[in-house]
Amino acid sequence: MTTATQDEGPGRVAYQGAPGAFSHEACLDLRPWDEAVGFETFQGAIEALLSGDCQSALIPVENSTIGTVEPAASLVREAGLTVVSEAWRPIRLALIGLAEARLSDIRTAESHPVALQQCAKALGEMKITSVEAFDTGGAAAAVAEAGDVTRAAVAPARAAEVYGLSVLRNDLQDFSDNRTRFVLLSAPRA
């Protein structure tokens with residue numbers, strides 16, 4: 001991902017989600033010199049960029065399994081933002097739960113609707129009910145806070161580390177080549 005280099009100094013990059021989310025992970029990997037700033041919604045991340053609170057935003061707009069990531073792609077297009085660069089990143093979904101939970105204990109899996117769509121077949125085969133949450137990282141936080149061994153989150157494996165959870169199953173995605181295209185955005189120049 002090219003654009004502002006580390007030599008230009010750190011800035012703030014907006015993303016949708018909580019720490020441990022795929023977008024947060026992308027910020028840490030692709031923009032390690034910037035401060036990653038999470039927002040609950042894609043709209044919130046874009047507004048932070050437009051207001052000048054953040055100098056850039058990293059937003060997922062397309063996934064190889066489900067297609068266009070909405071509402072993110074529409075919001076990016078409607079806001080008239082400049083796409084500075086883009087990167088396709090592999091998305092490996094993990095089922096994570098409490099340290100004492102076993103896979104056989106899990107009844108529900110919480111996550112962002114886009115992540116749940118990427119592993120619908122796997123969850124169905126395990127007879128685990130999908131529960132929509134605002135974000136993958138936020139789902140992991142909710143599972144940790146609830147303390148219920150029957151609840152799990154679908155999130156990056158790194159989210160387990162962030163929230164003190166355990167990975168119950170790796171590579172939960174229905175397709176092994178599951179990838180998401182992230183775009184790095186800047187505000188239009190005045």
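The model is a predicted one, in which local features need pLDDT of at least 70, side-chain atom pairs count only at pLDDT 80 or more, and totals for chains, interfaces and linings use all residues. Residues are numbered from 1 along each chain as its sequence is written, and side-chain values use heavy atoms, with hydrogens and water left out.

**Entry: α2 and α3**

I looked up helix α2 (residues 42-51) and helix α3 (residues 72-79), and found that their axes come within 10 Å and cross at roughly 25°. Here axes are lines fitted to C-alpha atoms, for helices over the stretch in contact, and angles run from 0 to 180 degrees between N-to-C directions. The two helices are therefore roughly parallel to each other, since angles under 35 degrees count as roughly parallel, over 145 as roughly antiparallel, 65 to 115 as roughly perpendicular and the rest as oblique. I noted that F42, Q43, I46 and L50 of α2 make the contact with A72, L75, V76 and A79 of α3, where contact means heavy atoms within 4.5 Å. Helices (H or I, at least four residues) and strands (E, at least two) are DSSP runs, numbered from the N terminus.

I then listed the buried residues of α3, which are A72, A73, S74, L75 and V76; buried means under 20% relative accessible area, exposed over 50%, and partly exposed in between (1.4 Å probe, protein chains only). They are covered by elements that include α2, β3 (56-63), β4 (67-68) and β11 (179-186). Just after α3, I found G80 with a positive phi of about 65°.

**Entry: Q16**

Leaving aside neighbours within four places in sequence, Q16 is in contact with residues including S23, F42, H112 and D135.

I stayed in strand β1 for R12, which counts as partly exposed at 24% relative accessibility. R12 and C54 are 42 residues apart in sequence, yet their C-alpha atoms are 4.8 Å apart in space. The side chains of R12 and E35 are joined by a polar contact of 3.3 Å; such a contact is a pair of N or O atoms within 3.5 Å, and within protein one must be able to donate a hydrogen and the other to accept it, while residues adjacent in sequence count only if both atoms are side-chain atoms. I also looked up Q55, in the loop between α2 and β3, and saw that the side chain of Q55 reaches the backbone nitrogen of R12 at 2.5 Å. Q55 counts as partly exposed, at 46% relative accessibility.

**Entry: α6**

Last, I read helix α6 (residues 136-146), where T136, G137, G138, A139, A140 and V143 are buried. These buried residues pack against several elements, among them α1 (22-30), β6 (94-97) and β9 (151-155). D135 caps the N-terminal end of α6, with a side-chain oxygen 3.0 Å from the backbone nitrogen of G137. After α6 comes G147, whose phi is positive, near 65°.
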